[in-house]
Amino acid sequence: MRVALATAVRTLPRGAGLAYEPKFDGHRLVIVRSASDVALQARSGRIVTSAFPDLAAAALRLPAGTVLDGEVVVWHAGRTDFALVQRRAAATAARAAVLAQSLPASYAAFDVLELAGLDVRARPYERRRALLVDLLLPLGPPLQPVPMTTDPELAATWYETLPASGIEGLVVKRLDQAYPAGRRGWQKLRHTDVRDAAVVGYTGTPRRPLALVLVLPVGDETPLVSSPLTAALRREVAEAAAARGATEQPATGAAAETATATETETATVTAIGLGEVPYRALDPPLTAEVRHTSARHPPPEVLRLRTDL
């Protein structure tokens, strides 16, 4: 099931026929309720049902032939906590059952794609929203429709006040819009200049990655090297690298300026200035959220890996 995507914007879109939803800070998740079972699909298409047994059990209350799109979140101390969602997503099946009790997940549904076996993606968002609310309100938590408004002033208030609850920003959709599967048909307004970047490799060693080699979605395919990683991110990258395998590749050009590597690699960078610096490639790439200002100075800051993709 290919999910709809969103294009980042810097100001709040306004105008007739727009709907605004809070953007929850969690993992994208598609719920597929078949005639006999439930499957939970990550954005990448990977099945992650075993990681969220509590949501799978709740989804059994849905009518057969239902497909929902939404975000799985974990609430802690009155706000959503992305690190706890990551912990849930990475758990083994045995550990997941324990975490479901101590860190229960909630599902913030923002679209219905199929209902009673009928594909409703071609229907306008306004109609799909009504179907979603009618479906989920009688069931209650942990499956809930996200809030929605067509009032841009209320949306602006949400944007200013909801970050305290862990809300990242807003998603904006057209009321007359079909579900844009696999396309960037929605808009998202975040509170910071944060974007997703493809992680094509890393500098350092498999046990101690030091920086990530990134490709940003800005129309320039030149790899960039991030600022040095935190200890927590180094551990995550090392685990991901072990799962994917790594091969030596050269990062060229201005990427060498900001590379942090082993002693041999640092010597190579010093000798050739803006020349090549070795890195270990990741295939398939990971995805990371990065804070980025200008094209290369300062280097992008890696905020977290998106292991839900």
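Two strands are taken to pair if DSSP finds at least two bridges between them. Helices (H or I, at least four residues) and strands (E, at least two) are themselves DSSP runs, numbered from the N terminus. The model discussed here is predicted: local features need pLDDT of at least 70, side-chain atom pairs count only at pLDDT 80 or more, and totals for chains, interfaces and linings use all residues. Residues are numbered from 1 along each chain as its sequence is written, and side-chain values use heavy atoms, with hydrogens and water left out.

Seen as a whole, the protein chain contains 18 strands and 7 helices. Of its 309 residues, 49% are buried, where buried means under 20% relative accessible area, exposed over 50%, and partly exposed in between (1.4 Å probe, protein chains only). Among contacts (heavy atoms within 4.5 Å) with a separation of 6 or more, 69% link residues 24 or more positions apart. The accessible surface is about 14000 Å², and carbon and sulfur atoms contribute 56% of that area; the Shrake-Rupley method with a 1.4 Å probe was used, and for residues only the protein chains shown count as cover.

Strand S8 spans residues 106-115 and is mostly covered, with 9 of its 10 residues buried. Seven is the number of bridges, written 7, over which S8 pairs with strand S5 (residues 66-73) in the antiparallel sense. With S10, in contrast, the pairing of S8 is parallel and extends over 3 bridges; here Tyr 107 stands opposite Leu 143. S9 is joined to S8 by 2 bridges and runs antiparallel to it, with Glu 114 facing Asp 119 across the pair.

S8 and S9 together form a hairpin with 2 residues between them. Ala 116 lies in that loop and has a positive phi of about 55 degrees, although it is not a glycine. Ala 116 is also exposed, at a relative accessible area of 62%. Another such case is Ala 77, with phi near 55 degrees, in the loop between strand S6 (75-76) and strand S7 (79-80). Ala 77 is exposed too, its relative accessible area being 73%.

One further backbone feature deserves a mention. Pro 141 and Pro 142 are joined by a cis peptide bond with omega of about 10 degrees. Pro 142 sits in the loop between helix H4 (125-136) and strand S10 (143-145). For context, most peptide bonds are trans, and most residues other than glycine have a negative phi.
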